[in-house]
Amino acid sequence: MSHFEVLHKVSLVAAILPPATVKPVIERLFASGERNAFVTNARGTLIRTEWIQRFLPVISPEKELLRFLVPDAQVDSVIREISDAGGLRYPGSGAVYSVPCDDLYHTPDFPIWEGLGAEEPGTDASIGLRENLAAISCILQPEQTEAVSRAAMQAGAHGPVVYYCEGRGLRDRLGWLRITKKRTKEVMTVIVDNADADAVVETMTVAGRLTMPGRGFLYRMPVQKGIVNLPSTVGSRHYAADMQQVIAALDGLVGHTDWRRQQVVRLGSGAHAAGLGLEGEDTTLGQREPQTRLTIISSGTHMPTLLEAATAAGATGANTLSARFVEAESKVAMGRRLNRERAWIQSVVPTEQAESVMQAVMAVAEEQEITEVCLFGQPVTRVVTYHAQTVDSAAPTARSYRGVSG
């Protein structure tokens, strides 16, 4: 039987880097005590500065998304190591940020950071750590990603980072009608200041028509601290500095990013713009009841079993993705580590249901003797998606929440 252990005060640290800097960052952290890293292939998003070229598809430079489970006491030192090894002091070089977790449950065989209980080091002000940030993630059909990316950048966000996932839950319950709903999704993520988050969310909602059925799902999470130096535009090299460097320099001179705000014009009203009349009065579910993003990490072999347990306990929708599981103890052949694969299951559920879903997943893992499992929750401050309205002649209008669209 796999008896779960619980850890408190743990954060998920994520780094968005070009492929060339991934290896030195991982090796630096392994030398500092980290035991594993989860690496996912992703792509950046860049638009051209010349007006005539803006009608062409966006440029998608290759990126890698690294994620580490780190004790809160070590977050500053981990971000410092990633910033130094990845050269994040330069504009356009990447980003690193941390999102706090609720209690983390794991089996004894799941490798965890060895520095638990260490004293918290002092923060190095020279690395430019920023607080009061928000992470906005939007789950979309692949054909919607470019339009929503452009809208986010026009609202002042950096070039979004995009990676693939599979939608599970609703599609699996449609029977033969599942052919009408694609399984492949794309997750688009941007890190913005809290002051700009509402404007970016509004713009992405309108561009993606997220208030229409089956169009997508957006949620916002608080970021504890981070460094964001991701580019959004690409232009000619006739000048000594590009636009991203000029913007970064002005941010430093002014002392804030408020000067970058642009007016956001609402061009449509979601479903009403299409003549469907489906949009409700309030599309922000997260402001009515607290939400939690649940994450379950296991091998791909056991992913269907744990996903079924989560959905049976109330997680009505989920997204799954694969990540390379880079371990400090893994063998090295011809200069490369031999990595395993790990599946990530993520679902946004009401906070009051989160604990029961995790308990159900842990019960199934113990019953099936699954030896390497990790699961945790993270706070979600806002959710935007389509929610159905059912009208009863004898009762007021009711709204139903369907979780992450699958």
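**Figure 1. Helix α6 crosses helix α7 in a right-handed sense.** In this predicted model, the two partners are α6, spanning residues 303-312, and α7, spanning residues 351-367. Their axes lie 8 Å apart, and the packing angle is about 145 degrees. Look for Thr305, Leu306, Ala309 and Ala310 on the α6 side; they meet Val357, Ala360, Val361, Val364 and Ala365 of α7. What is the make-up of this contact in nonpolar, polar and charged residues? The contact of α6 with α7 has eight nonpolar residues, one polar residue and no charged ones.

**Figure 2. Helix α1 meets helix α2, again in a right-handed crossing.** Here α1 covers residues 19-32 and α2 covers residues 75-86. The two axes come within 9 Å and cross at roughly 145 degrees. From α1, the contact is made by Thr21, Pro24, Val25, Arg28, Leu29 and Ser32. Facing them from α2 are Val78, Glu81, Ile82, Asp84, Ala85 and Gly86. The residues of the contact of α1 with α2 divide into six nonpolar, three polar and three charged.

**Figure 3. Helix α3 is largely enclosed by the rest of the structure.** Why can we describe α3 as largely enclosed? Of its 10 residues (145-154), seven are buried, so the rest of the structure encloses most of this helix. Following α3 comes Gly156, which has a positive phi, near 110 degrees.

Figure 4. A disulfide is a covalent bond between the sulfur atoms of two cysteines. For Cys374, the nearest cysteine sulfur belongs to Cys101 and is 8.3 Å away; Cys374 is in no disulfide. Is Cys374 buried or exposed? With a relative accessible area of 0%, Cys374 is buried. Cys165 counts as buried too, because its relative accessibility is 4% and the cut-off for buried is under 20%.

Terms used:
Residues numbered from 1 in each chain as written. Predicted model: local features only at pLDDT ≥ 70, side-chain atom pairs only at ≥ 80, totals over all residues. Heavy atoms only, no water. Buried < 20%, exposed > 50% of the residue type's maximum accessible area, 1.4 Å probe, protein only. Disulfide = S-S within 2.5 Å. Helix = DSSP H or I, 4+ residues; strand = E, 2+ residues; numbered from the N terminus. Axes fitted to C-alpha atoms, helices over the stretch in contact; angles between N-to-C directions. Left-handed = near helix turned anticlockwise from the far one by under 90°. Contact = heavy atoms within 4.5 Å. Nonpolar A, V, L, I, M, F, W, Y, C, P; charged D, E, K, R; others polar.
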